[in-house]
Amino acid sequence: MMKKFLPALLLLLSGATVTQAQILPSFEIGLKGALNYSKLKDDNFFNSKNKAGYQAGLYSRIGVLGFHVQPELYITGKNIEINKDSKAEDIKFTSVDIPVLLGKRFGLGPIGARIQTGPVFSFITNDDGDKIKNITDFSEYKKSSTAWAFGAGVDISSLRVDLRYELGLNDMAKGSTHSQKINMWSIGLGYRLFKI
């Protein structure tokens, strides 16, 4: 008789463990770096080409019921080639970026997949102003901008892998009649330092 009920009891206990793992809140913090490809979108004022840049910083994740909020803090280098009237310049934007992402995790234990979306707030610290003057009819960019991120990721034990697209939301150019927004792809690798 006990042999008949043992599998059902084990299944019930494992189900309780899964439910507990999904309900209990969790918090983690870690390091993260990324390679990005940025493009400055403009409505027919100039052409822009994707160039490689970088991201380096910290992430944290607060999760409950399979959902999580993931605030991050990065130093980001966005490199762009601008072509106008047979002239070309490589422009670099250095910024402090703060994504605040809402996500859903699929899977239990050390391996899982994620989808995430949310705003990214950027604060520009350098925009290569002299190079901008050489090729455009304005001198500088606004010191802050906002984008919306869409992404997917994989967790493997303490490793975090992310693929994201950031869609620029606001016009960045000062003193220009042309709307300019930065769009960016990135692939990142993170490492969880600790979790509670």
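Which residue forms a salt bridge with Lys51, and how far apart are the closest N and O atoms?

Reply: This is a predicted model, in which local features need pLDDT of at least 70 and side-chain atom pairs count only at pLDDT 80 or more, while totals for chains, interfaces and linings use all residues. Residues are numbered from 1 along each chain as its sequence is written, and side-chain values use heavy atoms, with hydrogens and water left out.

Lys51 forms a salt bridge with Asp90, and the closest N and O atoms are 3.1 Å apart; the term stands for a side-chain nitrogen of Lys or Arg within 4 Å of a carboxyl oxygen of Asp or Glu. Because Lys51 lies in strand β2 (residues 47–64) and Asp90 in strand β4 (residues 87–106), the pair ties together parts that are 39 residues apart in sequence. Strands here are DSSP runs (E, at least two residues), numbered from the N terminus. Lys51 is partly exposed, with a relative accessible area of 28%, and Asp90, at 36% relative accessibility, also counts as partly exposed; buried means under 20% relative accessible area, exposed over 50%, and partly exposed in between (1.4 Å probe, protein chains only).

The structure holds twelve salt bridges. Among them is the one between Arg160 and Glu28, whose closest N and O atoms are 3.1 Å apart, and this pair links Arg160 in strand β7 (residues 159–168) with Glu28 in strand β1 (residues 26–42), 132 residues apart. Both Arg160 and Glu28 are buried.

Notes:
Helix = DSSP H or I, 4+ residues; strand = E, 2+ residues; numbered from the N terminus.
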